[in-house]
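Here is a short report on aromatic rings and open space. Please look at the sequence and the model first.

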Amino acid sequence: MRIFIVAVVLLVTFTLHAAPQTSLDSLLEQRHFFELREALANPQEKTMPEHRKLYFQAFVHNFFHELAASNKDIDLLLKRYSDKLTDKELGRLIGKKIDNHVKLYEYRQAHITSELLLSRYGHTLTDEDKKDVTNSDIIWKGLEKVPAQRTRIRKDSRIAWKRDLAKLINVPVQFRDSTFDFVFDTGANLSVITESYAAKAGLDVMNVVFKVKAITGIDVDAKLGVAKSMRIGEVEIENVVFIVFPDSVLTFAGGAYKINGIIGFPVIEQLQEVRIDKTGFITIPAEATNKPLHNFGMDELTPVIQIDVNKDKLAFTFDTGAQSTDLNQPFYNQYKATIEATGTMYDMQQGGAGGYTTSKAWRVPTTVFAIGGQSLSIPDLGVKTTNSNSKDRYYYGNLGQDVMSQFKELVINFRYMYVDFVQ
């Protein structure tokens with residue numbers, strides 16, 4: 001699993017028709033998990049050998065946060081059908097098993113499984129992937145004695161939020177007798193805190209050093225910290241893992257803007273359902289609401305949402321910490337002629353933990369989105385012509401606050417895996 005911490009992203013209606021995919025292997029390779037789920041439900045696939053169905057199901061279950069089901073598929077494949085799979089396929093399954101254990105807060109199992117991947121199937125990994133697994137395993141080994149994160153939602157919470165200088169949503173987080181405003185960011189793979197605030201919050205900081213790759217590609221040294229208990233509204237969370245950065249790494253614009261901490265995915269997903277409204281409040285209900293809307297998944301620790309762009313269903317990453325929606329290189333490649341005919345080129349600046357980078361991009365006049373039955377037009381979106389990170393080459397864009405702010409309320413439901421917008 002590649003670790004990225006992205007702190008800040010700065011930044012004619014199209015008739016689009018994406019090319020159809022038919023091969024299940026191709027759908028998996030391109031991470032088209034929504035289409036793969038539909039293909040597996042097709043009656044024509046009932047004749048598929050059991051080991052092939054289990055193989056694809058393991059990835060689909062993982063993506064839609066059905067982690068125990070994914071591990072069950074993988075364990076059955078390893079027990080009964082390992083001789084029917086290639087080493088590369090087995091390596092990919094083991095990698096997905098690591099991801100399941102991490103999301104289940106089973107750090108020791110994630111460490112053991114990482115060692116298995118490297119020792120038995122390391123030859124199937126690229127040098128970069130091997131480096132990533134090795135680096136990430138420093139984290140899981142360092143956490144192997146840390147109990148699983150646990151969350152207690154005693155009753156409905158209504159929490160006032162505010163925007164900081166970078167227009168990011170901040171919420172009050174209580175540690176012991178102190179309360180600090182931290183960025184609330186679904187796009188942060190793990191929660192983050194600076195060294196000075198780790199001390200103020202009374203975190204147990206471990207002498208475990210590992211590398212975090214910033215958006216610029218720079219490797220930043222970081223440590224691990226654990227909060228035995230913290231509160232957000234009426235919610236109490238125990239054994240919360242933070243990446244601890246030197247203060248300088250989360251200081252921007254010559255010191256004019258600083259991030260003290262970021263509440264990331266592992267905390268947010270255990271809240272089960274989060275409602276962010278335009279009036280300045282986040283609601284965390286005691287009981288999550290089920291809806292017949294399943295447009296949300298997790299690619300490792302990156303949230304992904306399926307949206308309609310005109311008549312096409314496209315998968316976007318999803319980031320409450322991003323100011324603006326960006327369209328990625330696959331979008332540019334797919335619709336290059338239209339983009340270059342209607343758009344204008346400019347230099348796009350992007351920033352994250354460790355600095356900023358600039359790349360060539362196009363700005364397009366109007367893009368129409370439909371999400372959860374609601375539609376809107378967003379003007380002047382940037383279209384990247386290069387990949388900023390490993391996920392960019394698979395997803396058509398990253399959904400940011402400019403889209404979310406068009407609605408009265410944003411609902412993120414991790415229990416039933418949907419994202420909804422309320423007008």
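Which residues do ring pairs link into a cluster? They are Phe 175, Phe 180, Phe 182, Tyr 197 and Phe 242.

## Basis

This is a predicted model: local features need pLDDT of at least 70, side-chain atom pairs count only at pLDDT 80 or more, and totals for chains, interfaces and linings use all residues. Residues are numbered from 1 along each chain as its sequence is written, and side-chain values use heavy atoms, without hydrogens and water.

## Aromatic pairs

The structure holds 18 aromatic pairs. Rings of Phe, Tyr and Trp (its six-membered ring) pair if their centres lie within 6.5 Å; planes under 30 degrees apart count as stacked, over 60 as edge-to-face and the rest as tilted.

Phe 34 and Phe 63 have ring centres 5.4 Å apart and planes at 90°, so they pair edge-to-face. Phe 34 is in helix H2 (residues 33-41) and Phe 63 in helix H3 (residues 50-63), 29 residues apart. Helices here are DSSP runs (H or I, at least four residues), numbered from the N terminus. Phe 34 has 2% relative accessibility and counts as buried. Phe 63, at 1%, is buried too. Buried means under 20% relative accessible area (1.4 Å probe, protein chains only).

## Charges over rings

The charged end of Arg 158 sits over the ring of Phe 281, 3.7 Å from its centre. Lys 200 lies over the face of Tyr 197, at 4.1 Å from the ring centre. The cut-offs: NZ of Lys or CZ of Arg within 6 Å of the ring centre and within 35 degrees of the ring normal.

Definitions and conventions: Helix = DSSP H or I, 4+ residues; strand = E, 2+ residues; numbered from the N terminus. Buried < 20%, exposed > 50% of the residue type's maximum accessible area, 1.4 Å probe, protein only.
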